[in-house]
Amino acid sequence: VVTAYSSLAQRLSGRIVLDVQSHGEAWYIHPKNLRRYYLGRPDDAYALMRLLSLGITNENLAKIPVTGNGGSIPPDMVKNVSGYILLQVEAHGEAWYVDPLSLKRQYMANGADAFNIMRSLGLGITRADLDQIPIGSL
């Protein structure tokens with residue numbers, strides 16, 4: 001059964017949304033559990049980046065183009081990585097966000113970078129719509 005909540009959360013899966021009726025608070029909609037996570041400060045973004053990410057090998061990461069470069073994710077990988085935060089497990093745990101719209105990855109060196117990337121990619125959302133998506137906890 002598809003509810004209004006699940007339909008909205010599915011459409012926003014992997015996106016960062018900004019509460020336009022408050023102070024522009026940023027939330028990340030996790031693609032797997034369809035819950036929203038608050039991105040209030042760089043520390044919040046860093047915790048989210050570390051706790052809700054997927055591990056990826058260097059070989060598979062290389063298949064995902066970096067923002068600003070051409071190319072596209074192979075179709076078989078799109079569902080698996082779109083909207084996720086990826087950790088480069090064969091290196092030093094570098095974090096990457098795969099924008100579900102451009103299907104390009106962006107490097108997040110630290111919490112401040114993660115916070116800034118997520119804020120810059122944010123989509124405005126009303127409070128009524130935001131309230132339909134349950135809050136997740138880390």
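Residues are termed buried under 20% relative accessible area, exposed over 50%, and partly exposed in between (1.4 Å probe, protein chains only). The structure is a predicted model, in which local features need pLDDT of at least 70 and side-chain atom pairs count only at pLDDT 80 or more, while totals for chains, interfaces and linings use all residues. Residues are numbered from 1 along each chain as its sequence is written, and side-chain values use heavy atoms, with hydrogens and water left out.

Two residues other than glycine with positive phi were examined. Leu103, in the loop between strand E6 (94–98) and E7, has a phi of about 55 degrees although it is not a glycine. Leu103 counts as partly exposed because its relative accessibility is 22%. Helices (H or I, at least four residues) and strands (E, at least two) are DSSP runs numbered from the N terminus. Leu34 occupies the loop between E2 and strand E3 (36–38), and its phi is likewise positive, near 55 degrees. With a relative accessibility of 13%, Leu34 counts as buried. Most residues other than glycine have a negative phi.

The structure contains four salt bridges, each defined as a side-chain nitrogen of Lys or Arg within 4 Å of a carboxyl oxygen of Asp or Glu. Asp19 is buried at 0% relative accessibility, whereas Arg127 is partly exposed at 34%. A salt bridge also joins Arg36 to Asp131, the closest N and O atoms being 3.9 Å apart. Since Arg36 lies in strand E3 and Asp131 in the segment after H6, the pair ties together parts that are 95 residues apart in sequence. Arg36 is buried at 4% relative accessibility, and Asp131 is partly exposed at 46%. Arg127 and Asp131 meet in a further salt bridge (3.3 Å, N to O).

Arg105, by contrast, is buried yet has no salt bridge. The nearest side chain of opposite charge, that of Glu94, is 9.3 Å away; Lys and Arg count as positive and Asp and Glu as negative, with His and the chain ends not counted. Arg105 lies in strand E7 (residues 105–108). Beyond residues up to four places away in sequence, Arg105 is in contact with Leu61, Ala62, Ile64, Pro65, Val66, Thr67, Trp96, Tyr97 and Val98, contact meaning heavy atoms within 4.5 Å.

Val20 is located in the loop between strand E1 (16–19) and strand E2 (26–29). At 53% relative accessibility, Val20 counts as exposed. Leaving aside neighbours within four places in sequence, Val20 touches Gly124, Ile125 and Thr126.

Helix H2 (residues 42–51) packs against helix H5 (residues 111–120) at an angle of about 95 degrees, with the axes 7 Å apart. The two helices are therefore roughly perpendicular to each other, a class covering 65 to 115 degrees, with angles under 35 counted as roughly parallel, over 145 as roughly antiparallel and the rest as oblique. Axes are lines fitted to C-alpha atoms, for helices over the stretch in contact, and angles run from 0 to 180 degrees between N-to-C directions. Pro42, Ala45, Tyr46, Leu48 and Met49 of H2 make the contact with Gly111, Ala112, Ala114, Phe115 and Met118 of H5.
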